[in-house]
Amino acid sequence: MKTYDVIIVGAGMAGMTLALALTSGGLEVALVEKQPFNDMLDVSFDGRASAIAYACFRQWKALGVGDVLEPLSCRMDEIFVTDGHLPGAAAPTPLPFFLHFAAGEISDRSDDEPLGYMVENRQMRKALYEAIQARGIRLITPVSLVDHREDGVFAEIDLSTGETLKASLIVSAEGRKSSLREKAGIKYINWDYEQSAVVCTVQMDRPHNHVAYEHFLPTGPFAILPLNDNRACIVWSETHAKAKALMQVDDALFFDHLLARFGEFLGDISLVGGKFIYPLGLGLAEEMHKGRLALLGDSAHGIHPIAGQGLNLGLKDVAALAEVLIEAARLGEDIGTDLVLERYAKWRRFDNVSTSVVMDGFVRLFSNGNPLLRAVRGVGIGLFNRVPALRKFVMEDAGAATGDLPKLLRGELV
Ligand SMILES: Cc1cc2nc3c(=O)[nH]c(=O)nc-3n(C[C@H](O)[C@H](O)[C@H](O)COP(=O)(O)OP(=O)(O)OC[C@H]3O[C@@H](n4cnc5c(N)ncnc54)[C@H](O)[C@@H]3O)c2cc1C
């Protein structure tokens with residue numbers, strides 16, 4: 001039976017990044033994925049693009065994936081946030097109630113970094129997969145877990161192929177529906193926002209100039225996120241019923257509804273590719289590790305995409321866990337012990353919980369059409385916008401560049 005340092009279950013973006021990070025520090029890793037990888041690379045698998053914080057992108061650069069992804073990504077140099085008014089801040093006569101974030105206001109960026117990079121999920125998966133192959137990391141797919149057990153020294157998993165793998169530590173990067181988290185008896189708090197996100201891509205007539213727009217509409221946020229080739233990814237949150245209806249209507253009717261929210265300030269637009277739907281909810285594990293199991297990414301915390309922070313939290317988990325494990329292994333410690341794993345949990349717990357709570361508050365505050373609340377919100381947004389120090393903190397925090405930064409988020413290998 002082959003023994004690894006770490007077995008990562010789930011080859012999503014977080015799991016694959018962890019495999020690269022641990023391998024770069026000399027640990028031996030196996031990656032286990034239940035879905036056929038070719039299916040996961042297909043255009044029909046995932047229509048989303050993600051806003052990747054500038055410090056998280058530094059991690060990919062350090063791991064050799066950033067240089068592949070940078071030409072495929074779109075810089076986000078500015079973000080406009082408005083409360084319900086379309087096109088709000090971008091209108092010829094802007095309303096006073098908007099928030100404006102600009103990369104130039106952040107002082108500690110290196111190499112003219114943007115606020116973040118918009119990257120299509122399929123491009124991220126492809127680049128990470130190719131890096132995994134190039135480093136010779138073992139990826140076992142498609143395969144399911146049959147059993148999982150541990151003794152005082154090792155953890156073992158039995159696979160549907162009949163193979164058993166053994167390691168000092170198992171990491172669940174299985175996403176929200178983690179079977180290992182459930183089997184370990186880790187409590188998981190979760191609720192539904194009664195919203196789904198409809199996602200599509202549009203081609204625009206006028207240049208987007210690397211600006212992202214987020215409009216808080218009564219049924220949920222509507223975001224226009226810049227992509228390369230002058231396209232934009234639309235993330236349009238609606239009640240489950242309306243979102244389902246939008247998925248069923250023909251393209252012409254869908255387009256009419258889209259245009260009513262999108263506005264005309266970016267010129268003519270046309271739909272490119274299909275429509276996708278994602279139910280939105282919150283999930284938070286009460287512990288980040290138990291026995292020889294550690295949770296990572298959405299397996300530990302799944303949040304609303306209102307501020308594009310979900311995967312970024314997972315990438316921050318990767319940087320912290322990789323540093324803790326690599327340093328512990330170098331000191332000759334057993335990397336699957338509570339003593340070591342608690343260092344990871346301590347590093348990540350506050351950020352994961354506080355971000356989940358803040359995002360939950362935003363969803364409740366902004367997905368609400370109460371006229372009084374909307375008036376207060378509008379004034380609040382306008383006032384916030386007038387305090388540069390607050391805006392700067394928000395930009396750096398959303399850029400994953402605040403607090404005690406692990407080396408990978410500073411762009412350095414461990
Ligand atoms: C509409 C929308 C827009 C978003 N936009 C952003 C954004 O702009 N920025 C951002 O940071 N985040 C964003 N997010 C959040 C982001 O998509 C998630 O946080 C991220 O995909 C989680 O990655 P992960 O690798 O942790 O989990 P997942 O992507 O869920 O991957 C888990 C993997 O594990 C595999 N798996 C599961 N169980 C098993 C098992 N038992 N055995 C083997 N394999 C298993 C799955 O097949 C999958 O490949 C958005 C989310 C939504 C819904």
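This briefing walks through some local features of the structure above. The model is predicted, so local features need a pLDDT of at least 70 and side-chain atom pairs count only at pLDDT 80 or more, while totals for chains, interfaces and linings use all residues. Residues are numbered from 1 along each chain as its sequence is written, and side-chain values use heavy atoms, with hydrogens and water left out. Helices (H or I, at least four residues) and strands (E, at least two) are DSSP runs, numbered from the N terminus.

- Ten of the twelve residues of α1 are buried, so the helix is largely enclosed by the rest of the structure.
- Here, buried means under 20% relative accessible area, exposed means over 50%, and partly exposed lies in between (1.4 Å probe, protein chains only).
- Among the buried residues of α1 are Met13, Gly15, Thr17 and Leu22.
- After α1 comes Gly26, with a positive phi near 90 degrees.
- An unreviewed UniProt entry annotates residues 6–31 as "transmembrane region"; such annotations may be inferred rather than shown by experiment.
- Across residues 6–31 the chain is 46% helix and 27% strand, and the end C-alpha atoms lie 9 Å apart.

**A buried serine and an exposed leucine**

- Ser168 sits in strand β11 (residues 164–172), and its relative accessible area of 14% makes it buried.
- Leaving aside residues up to four places away in sequence, Ser168 touches several residues, including Tyr4, Asp5, Arg292 and Asp334; a contact means heavy atoms within 4.5 Å.
- Leu383 belongs to helix α11 (residues 371–385) and counts as exposed because its relative accessibility is 52%.

**Backbone details in loops**

- Most residues other than glycine have a negative phi, and most peptide bonds are trans.
- Thr141 and Pro142 are joined by a cis peptide bond, with omega about -10 degrees; Pro142 lies in the loop between β8 (138–140) and β9 (145–150).
- His210 is not a glycine, but its phi is positive, at about 65 degrees. His210 is in the loop between β12 (188–204) and β13 (211–217) and is partly exposed, with a relative accessible area of 30%.
- Asn230 also has a positive phi, near 50 degrees. The loop between β14 (220–227) and β15 (231–239) holds Asn230, which is buried at 19% relative accessible area.
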